[in-house]
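Dear colleague,

Please find below the structure that I am handing over to you, followed by a summary of what was found in it.

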Amino acid sequence: MNTFKKMLIYLCVAAICLLCLIPFVILIILSLNTPQRVFYEGNMFLPDFYFQNFAEGWVKSNIGTAMINSMIITALAITIIIIFCSMAAYTIARFKYKFNTLIFAIMISCMMIPGIINTVPLYTLMIDLHAINTLWGMALVCATLALPQSTFIFHGFIKSLPRELEESAIIDGCSWFKSFWKIVFPLLKPASASIIILNGFGIWNNYAQAVFFLQDSKKHNVPQALSVYFQQFAGAKWNLMAATAVIAIVPVIAAFLLFQKNLIRGLTEGALKG
Amino acid sequence: MKDNKIGMHTFMALPAFFLYAVFFLYPLTKGIGMSLTDWDGISAAKFIGLNNFIKFFQDKRAINDIRTTLLFALGSAPLLNLVGLAYALLMDSKIKGKGIARMIIYLPAVISPLIMGYIWYLLLQPSRGFLYHLMENMGQADSFLNWTAKYSSSMLVLILVNVWQYAGMTMVVYLAGLQAIPVELYEAAKMDGASGIKSFRYVTLPLLVPSIRINVVTNIIGSLSVFDIIMSLTGGGPGYATESLSIYIMRMCYGSKTGYSTAVAIIMFFLILVPVLISMRLTRAKSLE
Amino acid sequence: MKRKKLVSVLLCVTLCVTMLLGCGSNSTDNTGNNENGAAASDSEAAASASTASTDTATQEHVTLKFFTGKIETIDVINEIINDFNASQDHITVEQEYQKDASNIIKIKFAADQAPDIMTTYEKGFLDEGKYMDISDQSQWWDRLTPTMKDLCTDITSGNQYRVCTNMTMAGIFYNKDIFNELGLEVAYTWDDFISNLETIKTNMPDVTPFFIFGNEAWHLGHLIEFLPQGYIKATYGTVAAETAFMNNDKSILNYGAADGAMAVFAQNLLDMQANGLINADVLTATSDNCIQDFANGKAAMFSNGMWCLSSILEANPAMESSIGFAPYPAYMEGSNAVILSAEDSGYCISSETKYKDEVIEFMNFLFRADNQKKYSETLKAPSAFTDVEAAWASATIVDEVSNALSSATNIGFTNSKPAGFSGDDAGRLVQELLAGNYTAAEFAEAFEYNWDEGMK
């Protein structure tokens, strides 16, 4: 019975993984096809092994610089999100000041406002701040967009932590502020890990904001580098685009493998256990 | 315990709020003002009161877009939650290769949305895509064509693709929630004779309420403001058949109806607010139980 | 302890004040129409402040922003820009490419951040005074063909606000091998055109007689542009037609009439669809599908512009001698076949640029005959400069094009479309038609309604 159940679980997991891998496989096949190849014809799963796409894609799109830019933006934005949001969520969850409730209410309700309203005013603001074509400006905008949801997530998790943990520290002479960093913040690892995953990919792949705030081609991020293969009236150069996208995914996977131990530990080390 | 001392902890929300105020609330107040004008993005704006709002409810296309959006959300939000929870329960069990499996589940999110639409097209395009050829080999080509050509089923395709792409994200939050449940509780439940479904019902589910709340709310918001999935798969078409409110807002904004588009955005805000408030009320009651 | 309390109170007060200020500015927006003006003066101040600081810092060194949405030309323009930047030391030109340039430019204008030079052009922005009058730049106009100068002339004012360096053509691409095999001739009337399609359908059941990639709204919008609106432009002449578009002169446009050019066009399209003369997956087919099918002999004809030539050749390099090019057949009583012969690669200068002389200096460089030759050959489009001899395509294709041009009435693009009803919007209406949501007459009415709404 137990082995049967286990088998079933493995089967399900394998099926899910297969489903999630499909687009990735297609991406790789595309990146290895010649421009003449029609995807639907012949054996779809046997590409032409045309490696030139990668060389051409690398040169034409400046994807190297773009990856570094995306990396800096993502790292900066994630750091801001984790620190600011966990702090905000802590005080909101623990202390019922009117002012805290108000901030939380404003943030949650603004989550529901479509960002396009802001486009023009935000653009003027960024110009006034001299933040156009800067990675920090882009990181701040990306972080801002993720603030409400991340605060919301942290808030949910902090509420589920027993208050006694900090109170014992307070009795030992710690201030609330200190006890947050010493006791609560380390307990937030699972939530932090999930926030990194939730927002990291989105910021890495941000296109909607990058279009306005990263105009200089030296400051382009990954999707912008990919967009140079789009012809308005004649389709796109899909093979080059796929090859470039594959190149751009490599560091993400590498980073994931590098951090995965920490991330997974963050996710699995429910600090409450024990 | 009531805390009435004021210390550093009182101001811990300020950095986040300051950032938010500068980059969101300040531009927002400017943006909301535009909803009462006929601004076209270039020439001087004229104050026209609530005319934009009145116009919205008289526009057949806008009403159709509300219907499309609601239909999409009704299918997508519950399904996303269920699938996300199922994924999380699977990934929480003690199996080998969890790390790799999780990474694979996030992979779709790493592929740039610019390409994602094209890949979906290669898979799903009627009479050309991979799935069509597969069905053709099974002698089901005609039924496949009927299935994808019809309006209601193309909505189904959109919902399924959306669930497929974002289930991993929902899973992450559930997974974190599951990990926060102390093992002792399960053990205690086991001692009381509850196992399997019963321990899920009485231990897991109640303690998962914070995660459920987060996921329900974010999925409602995400589904009702759906943009990129529809844009990359159908472009809102054919015609306006699958156009969502967000796409409508974007098109109005770039179609020299900037003032009107902000008015629609405000209407959309209220459209999202109602189900979010309801679900927050419901999950709050549950967590007090 | 007291001090901490004070700090918190102060913070709350500042917070409330900022929020009230936000509401305050909000209410002034509502009561007056000065929101725009205020935003403009703000950013103008910022802009002048920033230029002032750069002026003092780097003594007369000027950076020009060159904004483009033309991906095909990024590399060649960069090459020319690099040559230019290296040739002198007081101007640096920077190119910005945007995939969605015609929308992005709206935001730039709205935020008062127009680039110095841009390749996008819209009549609406011209009317708002966003472009500089360049009628006095005779060093360009003297070299340009007279037809091109006319195409660049704004009909309201009679002045020139943009200069276009190339020609582009749109018509019907056809597979010459298929035509030869079946003994078909290029059709100039609708009946002949349909009978050609029928012949292909009966004799080559695997070949799509006429391919329409209706998933892409712009393509269907172009069909409107070339057929019903092409009829108006050909019948009344460019100037009268443009004036009618601009003033919504219903006696000429006649969109809604059940027997008008719009309704007949819609009916023709529906008939073609019903008789299986177009691809069955018209609503989901993409431009890529069309190019692939045509390049592999699976589609006999399709409508598009010369800009797709390089894609066809990339998909099948051996096809060059089989590509035929023909005008759109006449489909209304007493009308002529039409072909698009229009401007390409237009450049506008922002009316707010502070560096007019520098912009002109750069454009003189860009328009040099050698640079234009290089540019035209990359773009694969004939140059509009009389002194540029560019080998833009193979001799057979150049022949095809010039025959087609001389056999039909030449029309241009419709530049005076309503701001709220773009070519893509028109294309989406055609999608509704093809999806079976309209009869031809209803479609014509819906088109008129949307056009009128877009005018407001």
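Two residues are taken to be in contact if their C-beta atoms, placed from the backbone, lie within 7 Å. In this model, which is predicted, B:Ile115 touches A:Leu27, A:Leu226, A:Met241, A:Ala242 and A:Ala245, leaving aside residues up to four places away in sequence.

B:Ile115 also has a place in the largest nonpolar core. This core has 301 residues, of which A:Ile81 and B:Ile115 touch the most other members. Helix H3 of chain A (residues 63-94) supplies the largest share, 17 residues. Domain 1 (61-167 + 343-395) and domain 2 (169-342 + 399-455) of chain C each contribute residues, so the core lies between them.

Turning to the contact of chains A and C, 30 residues come from chain C and 21 residues from chain A. On the side of chain C that touches chain A, two or more residues each are given by helix H2 (35-58), strand E2 (91-97), helix H4 (101-110), helix H15 (287-295) and helix H16 (309-315) of chain C. H15(C) gives the most, with four residues. This side of chain C comprises 15 nonpolar, 10 polar and five charged residues.

Finally, helix H4 of chain A (residues 98-110) has 13 residues, which at 1.5 Å a residue should span 18 Å; its end C-alpha atoms are 18 Å apart, in agreement. Within H4(A), A:Phe99, A:Ile103, A:Phe104, A:Met107 and A:Ile108 are buried. Seen down the axis of H4(A), the buried residues fall within an arc of 165 degrees and therefore line one face of the helix. A:Lys98, A:Thr101 and A:Ala105, on the other side of H4(A), are exposed.

With kind regards

Definitions and conventions. Residues numbered from 1 in each chain as written. Chains lettered and ligands numbered in written order. Predicted model: local features only at pLDDT ≥ 70, side-chain atom pairs only at ≥ 80, totals over all residues. Nonpolar A, V, L, I, M, F, W, Y, C, P; charged D, E, K, R; others polar. Expected span 1.5 Å × (residues − 1). Buried ≥ 20, exposed ≤ 12 C-beta atoms within 10 Å, placed from the backbone. Arc of directions from axis to C-beta. Core = buried A, V, L, I, M, F, W, Y, C linked by C-beta atoms within 7 Å. Domains from an automatic or database assignment.
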